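Please read these notes with the model open beside you, and take the points in order.

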Amino acid sequence: MPHINVDENLPGIRALMAFSPETATPMGELANALLRTNEVLSMAERELIAAHVSYLNDCFYCQQSHGAIAVCYLDGNNDLVEQVKRDYVNADIPDKLKALLAIAGSVQKGGKYVTPEQIEVARKLGATDKEIHDTVLIAAAFCMFNRYVDGLAANTPTDLASYPLRAKQIAEKGYGNHIFSSKQPVPENA
Amino acid sequence: MAYIDLQNDLPGIRGPMAYSPETGKALNELAEILLHDENNTLTRGERELIGAFVSSENDCFFCQNVHGAMAQYYFQSDMQFIDDIKKDYHSTPISDKLKSLLTIAGSVQKGGKYVTTEQVDYAKSLGATDKEVHDTVLIAAAFCMFNRYVDGLNTWAPQDRQVYVERAKMRAEDGYANMNLNK
C-alpha cells in the first residue's frame, strides 16, 4: 500500500504524478528530453540505459515499464532487453553501448564511482561528449524516478501483460501528463 | 576537470546545465517547485535543509554547500548549525517533525525501499501531511539525481565555502526557474 493517499486506480509513478501535477510537468519534460530523441543515442539505447539502472535499483515498476518501452523500439525483442538489464556484457549490443552501460552502472552506485578509465574506454569506442553526458543524466534521473516510486511504495502491477499496453502509449505519444490524465489502457481479455 | 568538454567554465551543476539547456530547464523547473515555491507547508529553509542533508550523505561537495548555504540563509543561522544537522540532526534543536522527515530522506538516499511504514507513520504522528511526506521523498530522490549529475561528470566546485554563503541571498531572491546560469 502506498505511504500516502493516492488514486489507487493509477499504477506506479502515474499515481504520484497525479497527486503532484506541478512536479510531474518538469519530470515529464526531463523524460522527453532524455528519452524521446534519437540524437546521438537512439531512443532504444536510451530506454535500455534506463531499464538497466532501474534493474540495478531493484525498482520493479520502472524496469518493467522502460524495458517494455525498449521492446517497442526493438521490434519486440524482449529477450535482448532482459539480457541487457541483467547481463549486458554478454548481450548482442555494440561495444560502445556496453561502455556507456558501464558508466551508467557506476552512476547508479554514486557519481564518484565513474572513473576516468571508464570514460576513456567509451571514447575509444566512439562515444561523444553528448553521449556521455546523456548517459550520466539518464542514469542519474532514474536514481530519482526509482526512489520516487519505491520511496512512496507506489502500487506496482504484478500483471506483466499490462506493461506493454502502457509502453505503447509512451512509444506513440511520449512522456507527459497524459500518462495519468488520460484513460488507462486495459487488456482486451480483462 | 570535467570528463567532457562542457564548453564553459561554470562550477558544479551550472556547467552541464549550460551545456545542455533543454534538460537544464526541466531540472531548474523541478527545483523551483520543490525548493522555492511558496505554496508549501514546509518552509524554504526546511526543504533546502533536506536537499543539503541528502547531498551530504551522497558526499557531493558542490550540492551540499550550495543548499547548505541556502538553508543557512533562510534559517538565519551560522554554518556550524547546518554542519551539525548534516552530521547528526538528532542532537540539534530542530523540530521532531523535521527530524522525522530527515529520517525518511536518509532512507530515500540509500534506496526507495529503505523507507519504512514505521518511519512514515511516525512522521505523520508528529503532524506531517501526505504532501509533506511526498515532497520530502521527491526532494531526497531529486538530490540523488542532482548529486550524481554533478559528480558523475566530475565537475569542479569552488573550495572556499564562504563563496556559497555569499551567493545564497541572490539565489533565494531569484529562485531556480529561468536561472541565469552565468550570473
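1. Asp75(A) sits in the loop that joins helix 4 (60–73) to helix 5 (78–87) of chain A, where helices are DSSP runs of type H or I with at least four residues, numbered from the N terminus. The phi of Asp75(A) is near 50 degrees, a positive value in a residue other than glycine. Most residues other than glycine have a negative phi. Asp75(A) is also exposed, having a relative accessible area of 77%; here buried means under 20% relative accessible area, exposed means over 50%, and partly exposed is in between, with a 1.4 Å probe and protein chains only.

2. Before going further, please keep in mind that this is a predicted model, in which local features need pLDDT of at least 70 and side-chain atom pairs count only at pLDDT 80 or more, while totals for chains, interfaces and linings use all residues. Residues are numbered from 1 along each chain as its sequence is written, chains are lettered from A and ligands numbered from 1 in the order in which they are written, and side-chain values use heavy atoms, with hydrogens and water left out.

3. Val40(A) belongs to the loop between helix 2 (21–35) and helix 3 (43–56) of chain A, and with 38% relative accessibility it counts as partly exposed.

4. How much area do chain B and chain A bury between them? The value is about 3500 Å², with 69% of it on carbon and sulfur atoms; buried area is the accessible area (1.4 Å probe) that two parts lose on being put together, summed over both. On the side of chain B, Tyr3(B), His134(B) and Arg148(B) lose the most area to chain A, and together they make up 21% of what that side buries. The contact, meaning heavy atoms within 4.5 Å, takes 41 residues from chain B and 41 residues from chain A.

5. Across this interface there are 14 residue pairs in polar contact, both residues being at pLDDT 80 or more. A polar contact is a pair of N or O atoms within 3.5 Å; within protein, one must be able to donate a hydrogen and the other to accept it, and residues adjacent in sequence count only if both atoms are side-chain atoms. Several elements give two or more residues to the side of chain B that touches chain A, among them helix 1 (14–19), helix 2 (21–36) and helix 8 (130–152) of chain B. Helix 8 of chain B gives the most to that side, with 14 residues. By class, the side of chain B that touches chain A has 21 nonpolar, 9 polar and 11 charged residues, where Ala, Val, Leu, Ile, Met, Phe, Trp, Tyr, Cys and Pro count as nonpolar, Asp, Glu, Lys and Arg as charged, and the others, Gly among them, as polar.

6. The rule finds 2 salt bridges across the interface of chain B and chain A, a salt bridge being a side-chain nitrogen of Lys or Arg within 4 Å of a carboxyl oxygen of Asp or Glu. The side chains of Asp58(A) and Lys113(B) meet in a salt bridge, at 3.1 Å from N to O. Asp58(A) is partly exposed, with a relative accessible area of 44%, and Lys113(B) counts as partly exposed at 49% relative accessibility.

7. Asp150(A), in helix 8 (residues 129–151) of chain A, touches Asp58(A), Cys59(A), Gly112(B) and Lys113(B), if residues up to four places away in sequence are not counted.

8. Within chain A, the side chains of Lys96(A) and Glu131(A) meet in a salt bridge, at 2.5 Å from N to O. This pair links distant parts of the chain, with Lys96(A) in helix 6 (residues 95–109) and Glu131(A) in helix 8 of chain A, 35 residues apart. Lys96(A) is partly exposed, with a relative accessible area of 23%, whereas Glu131(A) is buried at 3%.
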